[in-house]
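Reader: I am new to reading protein models, and I would like to learn how to go through one feature by feature. Could you show me the protein and take my questions in turn?

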Amino acid sequence: MPGDISIDLSHLSSSEGSDNEVNEMLQNSGLSSPCSITSEAAFTHSEDHRFVQFVNATLCDDGKLTPDSELWVDCSSGLIIDTPSKDNLPENFTTVDLNGDLISPGFIDAQLNGAFGFDFSDDKYGDGSEEAFKAGFQDVCKRLVKTGVTSFCPTLPSTFKQVYRKVLPTLEPTRSANGAENLGVHLEGPFLSPQKPGCHPKDAIMTAPEKIETFKDVYGEENLKKARIVTVAAEQDGVMESIPDLAKMGLTVSLGHSVLTYSGGCQAVKNGATMITHVYNAMKQPHHRESGLFGLLGANDHDLSEEPQPKRRPRSQLAAFDSSKKVFERPYYGMIVDGIHVHPSCVKIAYHSFPEGCVLVTDAMAPMGLPSGTYPWSTQMIRKEGLKLFLDGTDTIAGSAVEMDISVRNLVDWAGISLPEALKCVTINPARAIGVENKKGTLKPGSDADLTILDGQGNVKKVYKLGRKAYEATKKNVPLY
């Protein structure tokens, strides 16, 4: 369903002019966050009925549309249920007529550093108490549903042991109908490459000389067990050897902030890594002779086999690859689709290289939803210019200020794909990437009733969390794009 739901970039030519024009259009296109003008009345919770029947709905699940459908949810359990027969309708239910609007599973953001003025790694938030931190976090959860996001991984960039030990116990996974849900922390560092720190404080970046024991010491073993994703530079001392142990703990091991080569990336995948963090950014850029981590999007079975095949074989054995040997899957990859971190043409290249692995992430920082200005972040300052964030006084990109619904519409336009295809990248793909596909990212009976209601252009109209209405767009907060 490619169309005019985002920015027209077809007239761009020279690379320098393209960058300037992309930035100008992003600043002037109405893509700046409308969250700050969202009225409190938009965030509501309906609790009058146990069951909700959605009718005249277009179901959008795993990239497929089913028009003229109905969907039933149980608000007591918070689950999607099988459609009851006409002879066995529950007594206490209400009907919601969607007039053909799309029901998508709620969006999942696997990399969110903060929003609305709150930074998930700020151990000094408010008065520095645990209560103030939790209140700030809950405010983000409540407001985040406006963007269609119903669950996310709060992300901590590289910081110090004392911060991890203080903050992580307050960020344990939850299941809640009061806003977007914490699926478990994304630990983006500190085991990263000092050559690709991005905006991470360089003095926090470290190696793992004691391998997995170093990870446990820095984060705290119990905190590590409750995390969801850990981003690492596998070339750092002790990290490659730690990947199997991290994977055995149930963590999604993601490769990022790294100068790892393609062959090194293949080895990390064979060790248990299953994801790439914000592809293109903070890594070796793809080259036709050395593709780096980006090359994993097109990795072939031979490169990901646990037993590499001989480089030279007799002609009679050219088809002798043993398919019974274990072949590892290509990793999922996060991608920031804001037109700033990745040029629209490169978004298209990455998506069409491996659509099934594409996971849209915002990588949003605390200034998301705030006016342009300068804001504190850890020991540094971030400068916000519309959707652009920089380390103050530099041109170093410092995360993103984009919202997930904007990212979806951008992907439709820039990759030339349908809205259902783009929605896979914020629903079932991230759910599979982080191992929650049995409950999130799907409309199958038995899954959580986290629902994002959209019009045909991909604009969020309503959001239901565990079956209860958590947000409804009003005239005051309808985006201008």
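Reader: What share of the contacts with a separation of 6 or more is made by residues 24 or more positions apart?

Author: A contact means that heavy atoms lie within 4.5 Å. In this protein, residues 24 or more positions apart account for 69% of the contacts with a separation of 6 or more. Please keep in mind that this is a predicted model, in which local features need pLDDT of at least 70 and side-chain atom pairs count only at pLDDT 80 or more, while totals for chains, interfaces and linings use all residues. Residues are numbered from 1 along each chain as its sequence is written, and side-chain values use heavy atoms, with hydrogens and water left out.

Reader: How many helices and strands does the protein have, and what percentage of its residues is buried?

Author: Helices (H or I, at least four residues) and strands (E, at least two) are DSSP runs, numbered from the N terminus. Here the secondary structure comes to eleven helices and 22 strands. A residue is buried under 20% relative accessible area, exposed over 50%, and partly exposed in between, with a 1.4 Å probe and protein chains only. Of the 481 residues in the protein, 57% are buried.

Reader: At what angle do α8 and α9 pack?

Author: Axes are lines fitted to C-alpha atoms, for helices over the stretch in contact, and angles run from 0 to 180 degrees between N-to-C directions. The angle between α8 and α9 is about 85°, with their axes 9 Å apart. Angles under 35 degrees count as roughly parallel, over 145 as roughly antiparallel, 65 to 115 as roughly perpendicular and the rest as oblique, so α8 is roughly perpendicular to α9. From α8, Pro344, Val347, Lys348, Tyr351 and His352 meet Leu411, Trp414 and Ala415 in α9.

Reader: Which residues of α4 are buried?

Author: In α4 (212-219), the buried residues are Ile212, Thr214, Phe215, Lys216, Val218 and Tyr219. Because six of its eight residues are buried, α4 is largely enclosed by the rest of the structure. Its cover includes α3 (161-167), β11, α5 (221-225), β12 (229-232) and α6 (243-248). Just after α4, Gly220 takes a positive phi of about 95°.

Reader: What should I look for in the backbone of the loops?

Author: Most residues other than glycine have a negative phi, and most peptide bonds are trans. In this model, the peptide bond from Gly189 to Pro190 is cis, with omega near 10°, and Pro190 lies in the loop between β11 (186-188) and α4. Phe116 has a positive phi near 55° and sits in the loop between β7 (114-115) and β8 (118-119). Asp363 also has a positive phi, near 55°, and its place is in the loop between β16 and β17 (373-377).

Reader: Are Phe116 and Asp363 buried or exposed?

Author: Phe116 counts as buried because its relative accessibility is 15%, and Asp363 counts as buried because its relative accessibility is 7%.
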